[in-house]
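Hi,

Here is the structure I promised to pass on.

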Amino acid sequence: MSKLHVTTTVNGDEVEYLCDPRETLLDCLRDKLNLTGAKEGCGTGDCGACSVTVDGRLVCSCLMLGVEADGKQIETVEGIADGDVLHPLQKKFIEYAALQCGVCTPGVLVAAKSLLEKNPDPTEEEARYWLAGNLCRCTGYDKIIRAVMDTAAELREAS
Amino acid sequence: MALDDRKSIFSFVGTRPDRPDGLDKVTGRAKFGADMSAPGMLHGAILRSPHAHARIVKIDASKAEALKDVKAVVTRADFADVPFKPGLEGEFYNVLENVMAGEKALYDGHAVAAVAATSALAARDALKLIEVEYEILPHVTDVDKAMAPDAPVIRKGAADYSVPAGMHPNVVRYHESGHGDVEAGFAEADLIIEDSFTTEATHQGYIEPHACLASLGMDGKGELWCTTQGHWIAQKTCAALLGIETSQLRVTASEIGGGFGGKTTVFIEPVALALSRKANRPVKLVMNRSEVFRATGPTASASMDIKIGMKKDGTITAAEGIFRLQGGAFPGAPGDMTAMCAFAPYDLTNVRQVGYDVMANRPKQAAYRAPGAPMGAFAVESVLDELCNQLGLDPVDVRLKNAAAEGSKASYGPTYERIGLVETLEAAKAHPHYSAPLKPGQGRGISCGFWFNHGGETSVSLALSEDGSAQVMVGTPDIGGSRASMALMAAEVLGIPYENIRVTVADTASLGYNDVSHGSRVTYASGLATIKAARHAVEKLCERAAVKWGIPVEAVKWENGCAVPSGPNAGDFDPLPLADITADMGATGGPISGHFEATPEGAGVSFGTHIVDAEVDPETGKTSITRYTVIQDAGKAIHPTYVEGQYQGGAAQGIGWALNEEYIYGDDGRLQNSIFLDYRIPVASDLPMIDTVIVEVPNPGHPFGVRGVGETGIVPPLAAIANAVSNAAGVRMKQLPMSPPRILAALKEK
């Protein structure tokens with residue numbers, strides 16, 4: 001099967017790759033662009049470990065084909081920090097120990113950032129439902145939710 | 001020099017610094033199993049049996065091999081042991097049978113062949129061209145049916161010496177223990193309750209599927225990168241299965257995306273090595289989620305009978321339990337562990353427990369957090385709750401009345417040293433949760449839980465640098481923040497800042513043997529070894545100070561990161577900081593490092609008590625957990641935040657097991673729910689905050705008092721939730737999971 005040429009923007013950088021039409025966006029990010037921050041936990045859109053944003057919308061990159069990224073703006077966990085300055089969510093996740101093994105963390109961070117951009121003042125219930133698409137098997141979500149809520153409060157104070 | 005062996009006042013231990021690997025894990029930089037690549041790398045894929053039980057008549061891979069993108073195909077013939085000519089024994093044989101089927105496919109998902117190709121897609125396409133001829137055999141997946149006289153035999157001769165004569169060949173191990181006279185004890189009881197319980201198999205559900213990158217040459221030298229809880233066991237097992245020397249295979253543990261016991265063995269690693277050897281190129285092999293569910297170890301399913309007698313004042317007069325555990329198509333179901341843990345929280349005069357290890361046509365069970373203990377606790381603590389209800393007694397008071405303490409003879413044999421069960425129960429009784437009012441439709445449950453904890457073979461090295469910083473090399477993969485705990489313990493001994501210590505998980509070529517990160521052993525055993533390695537380095541630091549000062553080493557002691565004279569007679573010298581000694585260590589005797597290796601035996605058993613409130617919707621049968629409190633003895637919490645995290649994680653997994661998770665098999669013996677959509681683990685919106693109380697009753701077997709905390713947290717939830725749900729619904733729930741259909745059925749029968 002012949003490969004297709006894709007031009008897209010990832011974390012602000014214009015990139016190109018050739019991909020088989022069957023390859024997912026996640027495959028392309030990981031295997032062609034060496035952006036291995038997004039993880040494949042299920043391949044069926046159930047675990048959220050591969051979460052990225054596409055033109056600002058939160059998606060599971062395992063459910064989108066690599067060819068569909070053409071002309072889009074993709075943001076991944078690698079683009080969350082601003083140079084050498086961590087995003088407040090990243091700092092709070094470390095401070096709160098909102099991760100144990102850390103494999104779900106990239107997806108959770110991308111999803112949580114997307115939540116706070118849309119809803120700067122979520123209730124605990126809203127945060128829990130927004131993050132319901134991101135499975136974490138280690139933490140029981142307690143410290144994740146606390147980290148997200150505290151980040152939201154801090155960002156509101158700062159703005 | 002003088003060093004106290006035990007310590008109870010701390011500078012670093014008990015604080016909550018950021019974990020050393022935090023930055024890597026919030027930026028996507030951390031390298032997990034599937035994140036590594038190599039030049040010239042091929043991609044592997046595994047063909048799996050669609051049948052629960054079938055003889056493999058013929059495998060024809062010629063069409064796959066003819067593809068130009070395919071560089072190797074392997075079957076069982078490519079391993080150290082082939083059918084009809086066994087060379088491996090015991091668990092090595094079982095693991096080989098599991099990673100690549102021999103004469104028979106033993107469960108839906110059992111590996112039968114594998115390919116390596118130039119891309120993952122090409123490898124997947126090639127699998128479709130491999131033709132396997134099967135002769136389908138009768139199968140069994142249920143534990144009680146697998147023990148019945150007419151059950152199909154999974155493998156003849158798999159039973160060991162412990163199994164009494166006359167049992168079905170699928171019963172492969174038997175355990176019986178206890179003390180006293182249970183019949184006499186039952187005769188003294190005012191109330192006896194006897195009942196039966198079942199639990200279903202659940203999966204550890206780590207979010208990272210198994211993944212590895214293997215390279216093995218025709219010279220028998222290899223490199224393996226894999227996600228594992230223990231790379232030395234991976235090294236030893238892979239070497240045996242491939243027929244190469246252990247030391248010639250260097251294994252590096254990647255960051256590990258969860259394990260919970262499920263990554264204490266190998267599945268794809270030997271297959272990737274065999275493909276690499278045949279293709280003479282590196283091979284990357286990554287499971288998809290469905291393969292994880294179908295072919296890696298879930299926990300055992302269980303069928304249990306419990307009988308407990310109690311006096312009106314709450315004294316347990318006798319307890320008896322029979323525990324039948326199904327562990328897939330291989331020996332290993334932890335019927336013995338279930339039996340030994342079930343009554344362990346209680347000081348009983350008369351107790352007897354029997355455990356069966358039963359084979360069925362399911363994937364080989366693997367350890368899952370306190371393997372075997374949660375099921376038994378569910379059955380026993382449910383009966384205790386029912387006794388309390390019928391006798392009108394407070395469930396915490398009854399447990400306190402019967403609680404084991406220092407000097408109690410454990411139900412499984414030994415006499416307890418200092419333990420903290422009573423303290424957890426007293427904390428439960430005093431906790432605001434226990435006396436908070438319940439709303440209509442809600443019920444409250446409590447349960448105790450026990451786990452042995454483990455020491456295991458352990459080796460740690462510590463090296464000081466000329467600038468006064470330290471590197472610690474441990475051999476236990478960091479599954480939940482253990483680098484932070486190790487750095488805190490090393491800082492405590494050396495007296496240098498936490499931030500000046502770098503903890504590395506060393507590969508198998510860089511350190512001596514280390515057992516797996518399991519058994520709640522890492523903070524205990526690697527921690528103990530880190531402390532002793534640091535003390536070893538401190539001895540040398542004191543020797544160097546003695547040389548510098550020209551006094552005997554006995555006159556030097558170590559305080560707050562400095563060598564100081566041990567008393568007025570030792571001489572008058574200013575404290576000599578660690579960095580001043582390491583700065584010129586090359587001139588005073590050479591590099592300074594510390595080392596320790598042992599198999600520590602004093603892990604210290606662990607107890608917890610959980611309080612749960614549950615609300616049952618009588619219309620839908622859905623259960624909501626409205627409040628949850630974990631109380632557990634940590635001995636000494638090195639990094640309390642990560643201790644809380646272990647408690648919360650164990651409770652959350654227990655909630656899933658109790659309410660929703662189960663392996664569902666069809667009549668055809670195939671697993672029907674092999675993706676996360678159908679095997680639903682708890683999500684954020686399913687759970688409340690999980691409160692924690694860390695009780696600290698120091699473990700006499702660890703220099704700082706540590707008891708492992710990883711596993712006990714999953715022991716009480718099944719029972720505590722079942723008790724809460726039963727009290728809310730007004731009907732005793734005896735089968736897990738308590739899914740909505742089961743609850744509706746129970747409400748209907750009420």
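First, the ground rules. This is a predicted model, so local features need pLDDT of at least 70 and side-chain atom pairs count only at pLDDT 80 or more, while totals for chains, interfaces and linings use all residues. Residues are numbered from 1 along each chain as its sequence is written, and chains are lettered from A and ligands numbered from 1 in the order in which they are written.

Chain A has 5 helices and 5 strands (DSSP runs numbered from the N terminus: H or I of at least four residues for helices, E of at least two for strands). Along the sequence they come in the order β-β-α-β-β-β-α-α-α-α. With a radius of gyration of 16 Å, close to the 15 Å from the globule rule for 159 residues, chain A is as compact as a globular protein of that length (the radius is taken over C-alpha atoms, and the rule is 2.2 Å times the number of residues to the power 0.38). Its C-alpha trace spans about 50 × 30 × 25 Å along the principal axes.

Now zoom in on two helices of chain A. α2(A) (residues 88-95) and α3(A) (residues 105-118) pack at about 130 degrees, with axes 10 Å apart (axes are lines fitted to C-alpha atoms, for helices over the stretch in contact, and angles run from 0 to 180 degrees between N-to-C directions). That makes α2(A) oblique to α3(A) (under 35 degrees is roughly parallel, over 145 roughly antiparallel, 65 to 115 roughly perpendicular, and the rest oblique). Where they meet, A:L89, A:Q90 and A:F93 of α2(A) face A:T105, A:L109, A:A112 and A:K113 of α3(A).

How many residues does each chain bring to the contact between chain A and chain B? Chain A brings 43 and chain B 42 (contact means C-beta atoms, placed from the backbone, within 7 Å). On chain A's side, α2, α3, α4 (124-130) and α5 (142-158) each supply at least two residues, and α2(A) gives the most, with 4 residues.

Finally, chain B is assigned domain 1 (372-453 + 604-749) and domain 2 (455-598) (the bounds come from an automatic or database domain assignment). Their C-alpha centres lie 39 Å apart. The contact between them takes 17 residues from domain 1 and 14 residues from domain 2 of chain B.

Cheers

Technical notes
Two residues are in contact if their C-beta atoms, placed from the backbone, lie within 7 Å.
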